[in-house]
Amino acid sequence: MDVTIDDIVVESGVSRATVYRRYPNRELLLADLVESYFAPFEADGGRIMSSSASFSDRMEQIFIWSMTGLFTRPWLAAMFSEGMSAEKLALFNSMYGNRVHMSLRPHLERAKKNGELRNELDSKELIDWFLREMLLAFILGEKDKKLLSHKFRQYLLPVLVPDAKMQAESANIIDRVSQLEETTKAIVQTLESIRPKRTK
């Protein structure tokens, strides 16, 4: 980041002494700025994730809300207006990604316990991937709610939730194997009862 405290003093019109009294370095100023900027969004996101809707519905709402609300903010638009780079992604993650991790992780762990999220998914990797998908949709200019909903349901949701059809098929196979074992046991018992006993 090339912005200096002097740049901030000039841009804000506040005296250097006032800025340094409150913020001895630009990192503290940036942290305070991020805190004040994201607090209302975190509250909105928390309300979505704490609702009584299913986990998949809540994740879809978060995805669409991010695209149509959070990612429309001018500073994010300016940051990614000329595409994504490793430096921009690192800046975004340091400013926003860590806060998303803290906010979403408890909900993901709860969803795993409830069987709503694939158990094998690592929460940190999942959030990183989810953020990249949101950034990609943002950079591509995808802001139509129906299109975002379609993208989420077709490409993102299958990664998140356990495959109900596969689970049902697995349960069906287990039931059939159990029935086969019972039938085999019954046949063996019947054969044992009708087999002539050997005489000495």
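Student: How much of the protein counts as buried?

Tutor: Buried means under 20% relative accessible area, exposed over 50%, and partly exposed in between (1.4 Å probe, protein chains only). Of the 200 residues of the protein, 32% count as buried. A word on the source: this is a predicted model, in which local features need pLDDT of at least 70, side-chain atom pairs count only at pLDDT 80 or more, and totals for chains, interfaces and linings use all residues. Residues are numbered from 1 along each chain as its sequence is written, and side-chain values use heavy atoms, leaving out hydrogens and water.

Student: How many helices and strands does the protein have?

Tutor: Helices (H or I, at least four residues) and strands (E, at least two) are DSSP runs, numbered from the N terminus. Here there are 9 helices and 0 strands. Along the sequence the pattern reads α-α-α-α-α-α-α-α-α.

Student: What share of the contacts joins residues 24 or more positions apart?

Tutor: Contact means heavy atoms within 4.5 Å. Among contacts in the protein with a separation of 6 or more, 62% join residues 24 or more positions apart.

Student: Take helix 4. Is helix 4 mostly covered or mostly uncovered?

Tutor: Mostly covered: 10 of the 14 residues of helix 4 are buried. Among them are Phe55, Arg58, Trp65 and Ser66. The cover includes helix 3 (26-49), helix 6, helix 7 and helix 8.

Student: What span should helix 4 have?

Tutor: The expected span of a helix is 1.5 Å times one less than its number of residues. For the 14 residues of helix 4 (residues 55-68) that gives 20 Å, and the end C-alpha atoms are 20 Å apart, which agrees.

Student: At what angle do helix 4 and helix 8 pack?

Tutor: Axes are lines fitted to C-alpha atoms, for helices over the stretch in contact, and angles run from 0 to 180 degrees between N-to-C directions. Helix 4 and helix 8 pack at about 135 degrees, with axes 10 Å apart. That makes helix 4 oblique to helix 8. Angles under 35 degrees count as roughly parallel, over 145 as roughly antiparallel, 65 to 115 as roughly perpendicular and the rest as oblique.

Student: Is the crossing of helix 4 and helix 8 left-handed or right-handed?

Tutor: A crossing is left-handed if the near helix is turned anticlockwise from the far one by less than a right angle, and right-handed if clockwise. This crossing of helix 4 and helix 8 is right-handed. Residues that meet there include Ser56 and Phe63 in helix 4 and Phe152 and Arg153 in helix 8. By class, the contact of helix 4 with helix 8 has 9 nonpolar, 3 polar and 5 charged residues. Ala, Val, Leu, Ile, Met, Phe, Trp, Tyr, Cys and Pro count as nonpolar, Asp, Glu, Lys and Arg as charged, and the others, Gly among them, as polar.

Student: How do helix 4 and helix 7 pack?

Tutor: They pack at an angle of about 40 degrees, with their axes 10 Å apart. Helix 4 and helix 7 are therefore oblique to each other. Helix 4 passes helix 7 in a right-handed crossing. The contact includes Met59 and Ile62 of helix 4 and Phe130 and Met134 of helix 7. The residues of this contact divide into 8 nonpolar, 1 polar and 1 charged.

Student: Where does Pro158 lie?

Tutor: Pro158 lies in helix 8 (residues 145-160). Pro158 is partly exposed, with a relative accessible area of 40%. Not counting residues up to four places away in sequence, Pro158 touches Arg118, Phe152 and Arg153.
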